[in-house]
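Please keep the model open and find each place as it comes up.

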Amino acid sequence: MKQADTQFEYISSAKLPTRYGQFIIHGFVELGTEQEHVALSYGEWQEGEVVPIRIHSECLTGDALFSTRCDCGFQLEKALQNIVEEGKGVLLYLRQEGRGIGLLNKIRAYHLQDNGLDTVEANEHLGFDADLRDYRICKYMLDTLKISKVSLMTNNPRKIDALTDLGIEVVRRTPIDHGITADNKGYIRTKTQKLGHRFDPHLLK
Ligand SMILES: Nc1nc2c(ncn2[C@@H]2O[C@H](COP(=O)(O)OP(=O)(O)OP(=O)(O)O)[C@@H](O)[C@H]2O)c(=O)[nH]1
Ligand SMILES: [Zn+2]
């Protein structure tokens, strides 16, 4: 599995038993920034087979601290469950906290949202674009795992475009609309209106 790239490097893999099933965790590093990313794989596939995947952007508050301010923690859990139900799949866990602005800037952005700005306005107020995420490492991770065709769990069309531009065939999109709560409905509405996310309008009433 060892392969090198000028920008990314695969480091190592190990068993990762979880509440949902027995995954394997694969570690990667982005050279230069030394940013560390992981992929969790489950089951087996042939080269050229369509594999269910989720690209999950780090959200410490939602993924680890049970926040209901966003839908991330719910989506993370549902993605792992879906993969196990399908019998195979991969979760790419990218360390792009706060859509790329980092944890502390996300807390600054949350503070601005507590005072009335929406998620996009808050980023802009802090001098950032609405979404700074870079998906190039996905191609390297998927190549390492011998995946060229995917069924992608997402509500975000930008992820489909990013993978397609990188040469990964997105054969289908599966919505992942779990975790809509009274605390995050407004945030999700803003994502649909300003960031192009797709949600069933009935879920946001
Ligand atoms: N800057 C900023 N980042 C946020 C905010 N709320 C959540 N995030 C980050 O947004 C990222 C998740 O992005 P989302 O827009 O929820 O979803 P997505 O990954 O684009 O799309 P899906 O695949 O459909 O989940 C994580 O990195 C979170 O930390 C916020 O108010 N401001
Ligand atoms: Zn979140």
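**Notes on the model**

1. The loop between α5 (136-144) and β6 (149-153) is where K146 is found, and in this predicted model K146 has a positive phi of about 60° although it is not a glycine. As background for a first reading, most residues other than glycine have a negative phi. K146 has 13 C-beta neighbours inside 10 Å, and therefore counts as partly exposed, since a residue is called exposed at 12 or fewer and buried at 20 or more.

2. A second residue to look at in the same way is E34, which lies in the loop between β2 (22-30) and β3 (35-42). E34 is not a glycine either, and yet its phi is positive, at about 60°. Because E34 has 7 C-beta neighbours inside 10 Å, it counts as exposed.

3. How many strands does the open sheet have, and in which order do they come? The sheet has seven strands, in the order β1-β2-β3-β5-β4-β6-β7, and its pairing is mixed. At the edges are β1 (8-17) and β7 (169-174), each of which pairs on one side only. On average, neighbouring strands of this sheet are turned by 25° against each other, with direction ignored.

4. The helix α2 lies across several strands of the model, namely β3, β4, β5 (89-94) and β6, and it runs at about 165° to β4.

5. Strand β4 (residues 50-57) contains I55, and this residue is buried because 26 other C-beta atoms lie within 10 Å. If neighbours within four places in sequence are left aside, I55 is in contact with L92, L94, Y135, C138, T154 and K159.

6. S57 also lies in strand β4, and with 22 C-beta neighbours inside 10 Å it counts as buried. When residues up to four places away in sequence are not counted, S57 touches L94, Q96, R99 and R133.

7. Which residues are closest to ligand 1? The ligand is surrounded by 23 residues, and the closest are S57, C59, T154, N155 and N156. The elements that give two or more residues to this shell are α2 (72-86), α3 (103-114) and α4 (119-125), and α3 gives the most, with three residues. Sorted by class, the shell around ligand 1 has six nonpolar, 11 polar and six charged residues.

8. An unreviewed UniProt entry places the feature "binding site" at R54, I55, H56, S57, E58, Q75, E97, G98, R99, T119, T154 and K159. These positions span 106 residues in sequence, and their farthest two C-alpha atoms are 22.7 Å apart, so they do not all gather at one spot.

Note on methods
Residues numbered from 1 in each chain as written. Chains lettered and ligands numbered in written order. Predicted model: local features only at pLDDT ≥ 70, side-chain atom pairs only at ≥ 80, totals over all residues. Near = placed C-beta within 6 Å. Helix = DSSP H or I, 4+ residues; strand = E, 2+ residues; numbered from the N terminus. Nonpolar A, V, L, I, M, F, W, Y, C, P; charged D, E, K, R; others polar. UniProt positions renumbered as here; feature names shortened; annotations may be inferred. Contact = placed C-beta atoms within 7 Å. Pairing = 2+ DSSP bridges. Axes fitted to C-alpha atoms, helices over the stretch in contact; angles between N-to-C directions.
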